[in-house]
Amino acid sequence: MLADSGTGELHERTTSSGGPLGIDNLARSGAQGRGVLIDLHRHLGDERAVVGYDTLAEIMAADGVEVEEGDMVCLHTGFAQRLIDMDGDPDPDVLHGACPALDGRDERLLRWITDSGLSALIADNYAVEQYPATPAEPPAPALPLHHHCLFKLGVHLGELWHLTPLAADLHRLHRSRFLLTAPPLNLPGAVGSPTTPVATL
C-alpha cells in the first residue's frame, strides 16, 4: 500500500478505505451551498442520449445556466422519475435505453468539470455517466468520469436523486439556482453514503 493512501488512519474494524477522503469528513463539515440544475431531460427527452461537452454547453446557453466555482451541479435526466413511474416493477429493457447520461470519454467535458471548479456532480440516474462507457483503447477506466471526479479531483458524485419535482419548480420560476443541503451519514471510514438532500428555493 502507498504510504500516502490514508489507510493508516482508519480504525481497526473498518472494511473500507476512506481515510482522509472518507465520507465521515463531509458528514462532520456538512454539504451545503449553491445548487445549479441543468435540465437535460427538458431538451433531450426520455430516450438515451450520450451527452458530451458540446451538447451540455448548448443546453446551458439555451437556459441561461451558469456554473461557478464551488457549485453543486445537478443533472436532471428524468431517469429516476421513469423508475418511480414503473411502480415497483422496473423494466430493465426500457431503463437501459432511457434518458440522457454524460459521456465520460469526452475529454472536453472532463476539462470543463475541472475548469468550472464545481464541488459535486449529481444526477437522477444510476451512474451520472453513460455505463457501459463508449469503447476505448486499453488501458482505460471502465467509468472514466468517476475516475476523473473521484480519483483525480476529489469531486463528489451523487446518483439516483429524484430531481424531477425540483426541475419543474425551477422551470416555473425561471431559475436554475437554489440552496442545496445534502448531509451524508456519518460513517467513519466509508467512501460513500446515502444523503438526505433538501432544495430551498
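How much space lies in the largest cavity?

Author: Happy to! About 40 Å³ of space lies in the largest cavity. This is a predicted model, in which local features need pLDDT of at least 70 and side-chain atom pairs pLDDT 80 or more, while totals for linings use all residues. Residues are numbered from 1 along the chain, and side-chain values use heavy atoms, without hydrogens or water.

Who surrounds the cavity? Its lining (residues with an atom within 4 Å of a point) consists of Arg-48, Ala-101, Asn-125, Tyr-126, Ala-127, Glu-129, Gln-130 and Tyr-131. By class, these residues divide into 4 nonpolar (Ala, Val, Leu, Ile, Met, Phe, Trp, Tyr, Cys, Pro), 2 charged (Asp, Glu, Lys, Arg) and 2 polar (the others, Gly among them).

For context, the structure also has pockets (open sets with protein on both sides within 12 Å along at least five of seven lines). The largest pocket has a volume of about 930 Å³. Among its 31 lining residues, Ile-23, Leu-150, His-156, Leu-157 and Val-191 are the closest to its centre. That lining holds 17 nonpolar, 13 polar and 1 charged residues. The second largest pocket comes to about 210 Å³, and its lining includes Asp-39, Arg-42, Asp-63 and Arg-175.

Notes:
On a 1 Å grid over the protein atoms alone, a cavity is a set of points where a 1.4 Å probe fits but cannot get out, and a pocket is an open set with protein on both sides within 12 Å along at least five of seven lines; lining residues have an atom within 4 Å of a point. Grid points are joined across faces, edges and corners, and a volume is the space filled by probe spheres set on the points.
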